[in-house]
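Morning, everyone. Let me put the model up, and then we'll walk through it piece by piece.

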Amino acid sequence: MLKAETSLGIIFFPAFDWAISPTHPEREERLLYTQDQLREEGIFDIEGIGEYKPDVASVEDVERVHFCFPDVDAVATRSHMISAGGAMKAAELVMSGERRRAFAMTRPPGHHAMKVVHGSRGFCNINIEAVMIESIREKYGHKRIAIVDTDCHHGDGTQDIYWHDPDTLFISLHQDGRTLYPGTGFPQDMGGPTALGRTLNIPLPPNTSDEGFLMAVERVVLPILKDFKPDLVINSAGQDNHFTDPITNMNFSAQGYAAMNEMLAPDIAVLEGGYSIQGALPYVNLGICLAMAGLDYSHVREPNYEPERIRQDQRTTDYINKLCDVLPELYFNPPPFQGGDRDGQGVISGDVFTRRKNIYYDTDGISENQQETLHLCDQCRGVYKVETSSSSNPLSLGVEIPWNACPHCRELGHRLVEEAQLKGGGYRYIQLINRKDREYLRYGF
Amino acid sequence: MLLGIDVGGTHTDAVAVKVDQDGARVIASCKVPTRHHDLMWSIDTALDAILEQVDRNQVSQLNLSTTLSTNAIVEGKIEDVGVLVSAGPGIDPHNFMPCRDFHVIDGSVDHRGNEIRALSREQLDQALASCRKNGVRVFAVVGKFSTRNPRHENAMRRAACACDDDARCEAADFVTSGHQLGGALNFPRRIATAYFNCAVWRLFNEFADAGEASLREKGLGDVTVNILKADGGTMPLSQSRTLPVQSIFSGPAASVMGIVALTDIFHDSVILDIGGTTTDIAVFADGAPLIERDGIHIGSHPTSVNALKVRSIGLGGDSAVSIIGDEVAVGPNRLGPPVSLGGERLTLTDCLNFQGACEVGDTAASKQAVERFAEAHTMPADALADRAVEYAARKIHDETRALVDEINSKPVYTIHELLEGKRVVPRKLYLMGGPAQALRDPVFHQFKLSTEVPPNYGVANAVGAALTRTTWELELFADTQRHVLFIPSLSYRENVPSGYDLDAAREDAVNQLVMQLDSLGVRLNAEDAKITHASSFNMIDGYERAGRNIRVKCQVRPGVSATLAKEA
Ligand SMILES: [Zn+2]
Ligand SMILES: [Zn+2]
Ligand SMILES: [Zn+2]
């Protein structure tokens, strides 16, 4: 009988009754063959591996993270709440010690969902990793957390949520934004002025294969993780780097994914994208499950796997080599904050940081304009404020008081909300996230 | 008239039951000792005792629950099996090797049933030559995803048994194909199940031969004979000859079905069969017993053999009383019979005797034993007895709660199931077994639920055996892109058009189930065939709909053919 070396909890929630549209890549069939493969392999009979059902995230779990306009119910379906709840269940299994590791294979995904939500971007409405992470911090204290996003698309939503958080390290490996949605994720994006180097982007050229991915993990990700010393490592596990994925151009294999997972040794993995539902997902997800459980994955192979045919060329290897030389410096010795409104980095004036953003929600066709402000404070993380309007919502306001707010900033946060209410008419909706006192308020509904 | 025989660990119980429009009535019953090394003797003796009390010409059916296969496996009296597998990519199949003559043959079929790589003929021939050199006469052939496409299993079967029909042949005496064991996905379980099916095949068939001969001698040659399964149903004897593994662990099922026959269960309920050494806990949802989701373990091997969900805990009337720290504990060990029956260690039954809750054997001996034990631990005798009984009731309560929680936390796969999913909330308790009546009040105090001890509970297991119906299930899998419909357990394959849909699949599943049972001589009302799972997924190629992937599961659920007539 097989026994897992590292105990593993698997939360499998294929949402067999939910889809964006019948032929959309993010549809009911997506995890069907993964389920078939896992069942046929008898993975849940392995000693130390257990299957769990997801929790359901509450509105408060989402409001702890996001400013949703007009409200959570308007932007998130039940399926989204369960998907986030699946990630929360994974966290709970690990934090409570019931399992050493956990893998939430839920859908829909979440890593394109940003701090402010007006609708769906890149098939994502709420950021399931962020909802999970903040539920951990709410219950178990303010942990240092590293997120390694290995989805083929830049994890722009997660990056946005943690842009100003020095306690969350966000590393995204992805296909170069010049060749793929969402077109972001470049090395110069290193985080806001109070969290410089806590965001690290590793854009890889199209056709990168196992060799390139594993090199980047080995030479860039692992040394940084070692230095950051996170309490938890989370893998945003998108499986769309696979050589058969229909919407991307990379050449990663199931063996590569399993090996990468073995190197990262995440405490929690959360499924993100991956749309080669027949040729990749069953094998990649199986390989990851085995690797997470510390079991032999060497017999896991795609039916049409020919390593020679998908091997990256020398130019690609040389290019990634160079990236690996320079990228770690951005974390270890980030250049001082330069700012500049034109390149989207924002500007500091006095003790206020300001940044303007235009965001397009491709799945729902919504355009959003926002201006975010961070009141810099040397006692705490500082009060965050965002003014936003979109083609589906008039001008609205979000204010966040950080978990470690000093009395002054706590006061400031409340004042900003009060003034906005008194002004009247200025903002259609106002939301307050008060992490200090765990109070989540909405006005104007 | 229906006969039921339950070959248990200590006793073989038999009953004759008469069924009319008012329900069933037990008209004869007996208990004889079980001779483990001569089960036929126990069955014969029990049968003779019953036939002395009834008119044998009235007997129409005999249902038999036997420990034969279980014992053979536990005692290692099993035959060498040649196990041939086609695994393809995934977990290394050598992890699931059940025996020496185990051979992995190159080849692979994927989750949709496409052959990705043909079976290696050369390796297959070598494997068979090796088995034959070792004198192997029975073979299990198992392919990964064979329940989607049995091509590799069929090829291995043909190679192992060099003829096409089921007639005896030179090359092999018996071959089990994995897909015929059921349509569920689980390759390691399929390997183990096929292996055990082969390993007990010869012994079981010798037993069946002897049983049929004995019935003919008694003039019961025309009686329908069914064998009990662990899922709370029966299968015809002819069927059991090729599926002997299904007869394993049918004992608890007979008890549970007994309760079903003796009472009218409508609600979510808990059944407690409190025996000498153990208590079996079963859970009913809306009046129907719950099934183990994947199948039972045989030794350390998980199998695909269906079973009622029954949890056994080490606590019964014979369980020894002990003091651990400040706590009076009962079980989990049995260290001999109660003092009242000549034992040496104080037991739960002795404590119940002391309380006056029952009168088993020499109650004065129980009283003395409780007093001696209490004195040795400097506590009042009545407190000791009370605390022991309370401990037992609490233990049963806690274990039952844990089982119900486990059932309610089982994974579900749709939003609907998760948000509106049924939770099992027990509303009633049914107690059976020796100490049932005596423990009724203490158990009630723990659960605070209506608690019933039905009459006739002494012969409940044999009554259950007698009245248990035939169960059957099948899984239908259709892929309209590949234009194929496949029912693994029947090896039934048919071409379907692109327009084939879920409704048609539901209908086909029910029809095939009814026809299959009909061919086994079992008449089924179509409404007894229940669809328990039905799903249809659109398969997309690019952005075009390429077909539907349809899965339907249909079953005749466990049940009894009649319940006991109410006493007038
Ligand atoms: Zn992606
Ligand atoms: Zn402050
Ligand atoms: Zn033959």
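**Sheets, helices and zinc sites**

Before going on, the ground rules. This is a predicted model, with local features needing pLDDT of at least 70, side-chain atom pairs counting only at pLDDT 80 or more, and totals for chains, interfaces and linings using all residues. Residues are numbered from 1 along each chain as its sequence is written, chains are lettered from A and ligands numbered from 1 in the order in which they are written, and side-chain values use heavy atoms, leaving out hydrogens and water.

β4 (residues 101-106) and β10 (residues 268-271) of chain A pair in the parallel sense, over 3 bridges. Pairing takes at least two DSSP bridges between two strands. Strands and helices are themselves DSSP runs, numbered from the N terminus: E, at least two residues, for strands; H or I, at least four, for helices.

Which strand order does the sheet have? In chain A it runs β2-β1-β4-β10-β9-β6-β7-β8, 8 strands in an open, parallel sheet. The edges are β2 (47-52) and β8 (199-204) of chain A; each has a single partner strand, so one side of each has no neighbour in the sheet. On average, neighbouring strands here are turned by 15 degrees against each other, direction ignored.

Now the helices on it. Helix α4 (residues 78-95) of chain A packs on the sheet and touches β1 (3-13), β2, β4, β9 (232-237) and β10 of chain A. Its direction makes about 170 degrees with that of β4(A). Contact means heavy atoms within 4.5 Å. Axes are lines fitted to C-alpha atoms, for helices over the stretch in contact, and angles run from 0 to 180 degrees between N-to-C directions. Helix α7 (residues 210-228) of chain A packs there too, touching β6 (145-149), β7 (168-175) and β8 of chain A.

Next, the zincs. Donors are N, O and S atoms within 2.8 Å of the metal (3.2 Å for Na, K and Ca); water is not among the atoms, so sites may look incomplete. His153(A) and Asp240(A) are both buried. Buried is under 20% relative accessible area, exposed over 50%, partly exposed in between (1.4 Å probe, protein chains only).

The zinc ion of ligand 2 has four cysteine SG donors: Cys377(A), Cys380(A), Cys406(A) and Cys409(A), at 2.2 to 2.3 Å. What arrangement do the 4 donor atoms make? Tetrahedral, because the angles are 99 to 119 degrees. Four donors count as tetrahedral if all angles lie between 85 and 135 degrees. The spacing in sequence is C-x2-C-x25-C-x2-C. Cys377(A) is partly exposed at 21% relative accessibility, whereas Cys409(A) is buried at 2%.

Last, chain B. Here 5 strands form an open, antiparallel sheet, in the order β25-β24-β23-β27-β26. Twist averages 10 degrees from one strand to the next. Leu474(B) stands opposite Cys554(B) in β27(B). And chain A reaches this sheet: helix α1 (residues 32-41) of chain A lies across β26 and β27 of chain B, at about 45 degrees to β27(B).

Note on methods:
Tetrahedral: all angles 85-135°; square planar, octahedral: opposite > 155°, others 65-115°.
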